[in-house]
Amino acid sequence: MTAPRRDGGSPLTPPRRDGGSPLTPPGRESRFSYLSHLECGRCQQRYDADVRQGLCACGSPLLARYDLRAVSAQVDRAALASRAPSLWRYHELLPVRQPAMVVTLGEGMTPLVPLPRLAAEWGIADLLMKDEGLLPTGTFKARGAAVGVARARELGIGRIAMPTNGNAGAAWAAYAARAGIEALIVMPVSAPEITRAECAIAGARLYLVDGLIGDAGAIVAGAVATQGYADASTLKEPYRIEGKKTMGLELYEQLGWRVPDVIVYPAGGGVGIIGIYKALLECQEMGWLGGKLPRLVAVQASGCAPIVRAWEEGADRAQPWQNAATVAFGITVPMPLGDFLILDAVRGTGGCAIAVSDEHILAAQARVAAVEGAFICPEGAACFAAIERLRKDGWIGGDDEVVAFNTGAGIKYPQTVRVRPPVLPAGSDLPGARAKTARGPSGPPRTRAQPAS
Ligand SMILES: Cc1ncc(COP(=O)(O)O)c(C=O)c1O
Ligand SMILES: [Zn+2]
């Protein structure tokens, strides 16, 4: 059972009166970060943010807390528009205290792309895609890595270790290299192959495990216990989520400080959706955001859907999913540590959790590319498969404004599309070219990509 908050709020809501964090007196010089302390997402135990921390003594993730009253007093959100287009524009709400500690490869401010043809096809007023595939290393994982690695460097950490489904490892390896931090990465053999090369070229110590992310996690736990690595596993350090939170801040700013009706997100470990919810709650707390929150939808694959099962059963915690397997490899997380936080994000906003099959994921990936020109990753495609179904079921209304997160570039997953174009001998004409010239423009059909099955 999720421990109820003493003040009745969500585990992600900052406490309304925290007493311990000094507010910035009016006129005091502004700070780069307004980080005040860490707080357990379950039992609300407070921890010092300026020493290295892992999980709470109760085993739950720690969340970064900020002096939000001071931020709202010091920061005019309209003035953010003149800042550089990177996630560091929200530095007051990020945990890195010194500007010199920032580690950046230019992450943030990804495009919010309208998808008018798909919207018309599915009967939705507005359908937008926040395209995270354009970030360094090709996925949204760059956000968590940039902030997590920068804060690790600030705290004097020289070696980090993490299990990964591939993309997070690639991102953390890149940012660790830039920060001069050693990285040990362990990923399942079935993780996207390109991510091995990304880790290796950045100089990470890389191992594959013949198993799933939990098996990689067990190996990392051993290295943390015996070899002095800091554990950078999902939600076992408090700062990755802060980087991912910027997806929510950016979306809100890009819509002109307005929120959509529905946000659809592919949830594995859940850091992305938890981060977006945390951002929205912090904006509420600062008085930046009034009115209704967007309904948050957690999308999983039917081959690994522990959160969907818990949501359907009305449970507060998920149970481990047996024999997990899906083409959307990033969301193959049989037992997420932040299960209760994901469920809280969904329930706290009147959202839902939905599972979609691999067949529908691949069909949606092909449809988005063919109709809107975007080659998205299978995890992102899961969102579109979910949107199509939720619209058919009436859960998404015709007047809704819907934002889907494409969490990565499709080009990182070449195996999701099989194509066999005809090979022509050098010096030859196109088949039927002569006849076509004589007959007019209609020639043989063009080669079409087939979704892999
Ligand atoms: C492309 C992609 N999308 C989504 C996810 C899910 O991430 P999370 O639920 O931890 O935010 C992952 C995780 O590996 C991923 O690689
Ligand atoms: Zn706790």
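T137 counts as buried in this predicted model, because 26 C-beta neighbours lie inside 10 Å, where 20 or more are needed for that class. The residue belongs to the loop between β5 (126-131) and α3 (141-154). Its backbone deserves attention: T137 is not a glycine, yet its phi is positive, at about 70°. Most residues other than glycine have a negative phi.

A second residue with such a backbone is N323, which is not a glycine and has a positive phi of about 50°. N323 sits in the loop between α9 (306-313) and α10 (339-348). Is N323 buried or exposed? N323 counts as exposed, because 8 C-beta neighbours lie inside 10 Å, and a residue with 12 or fewer falls into that class.

Buried residues account for 52% of its 453 residues. Of the contacts between residues at least 6 apart in sequence, 73% join residues at least 24 apart.

One part of this architecture is an open sheet of four strands, ordered β8-β7-β6-β9 and paired in parallel. Its edge strands are β8 (205-209) and β9 (230-231), each of which pairs on one side only. Strand β7 (residues 182-188) is joined to β8 by five bridges in the parallel sense. Within this pairing, I185 has L206 of β8 as its bridge partner. Helix α4 packs on the sheet, where it touches β6 (159-163) and β7. The direction of α4 makes about 170° with that of β7.

D358 lies in helix α11, which covers residues 358-372. D358 counts as buried, because 22 C-beta neighbours are found inside 10 Å, and the threshold is 20 or more. Which residues does D358 contact, once its neighbours within four places in sequence are left aside? The partners are A301, G303, T326 and V327. For one of them, A301, the separation along the chain is 57 residues, while the C-alpha atoms of D358 and A301 are 6.8 Å apart.

The mean pLDDT of the protein chain is 92, and 89% of its residues reach 70 or more. Over residues 1-8, however, the pLDDT is below 50, and this stretch has 13 contacts in the model beyond near neighbours in sequence. Residues 438-445 also have a pLDDT below 50, and that stretch makes four contacts beyond near neighbours in sequence.

Methods
Residues numbered from 1 in each chain as written. Chains lettered and ligands numbered in written order. Predicted model: local features only at pLDDT ≥ 70, side-chain atom pairs only at ≥ 80, totals over all residues. Helix = DSSP H or I, 4+ residues; strand = E, 2+ residues; numbered from the N terminus. Contact = placed C-beta atoms within 7 Å. Pairing = 2+ DSSP bridges. Axes fitted to C-alpha atoms, helices over the stretch in contact; angles between N-to-C directions. pLDDT = per-residue confidence, 0-100.
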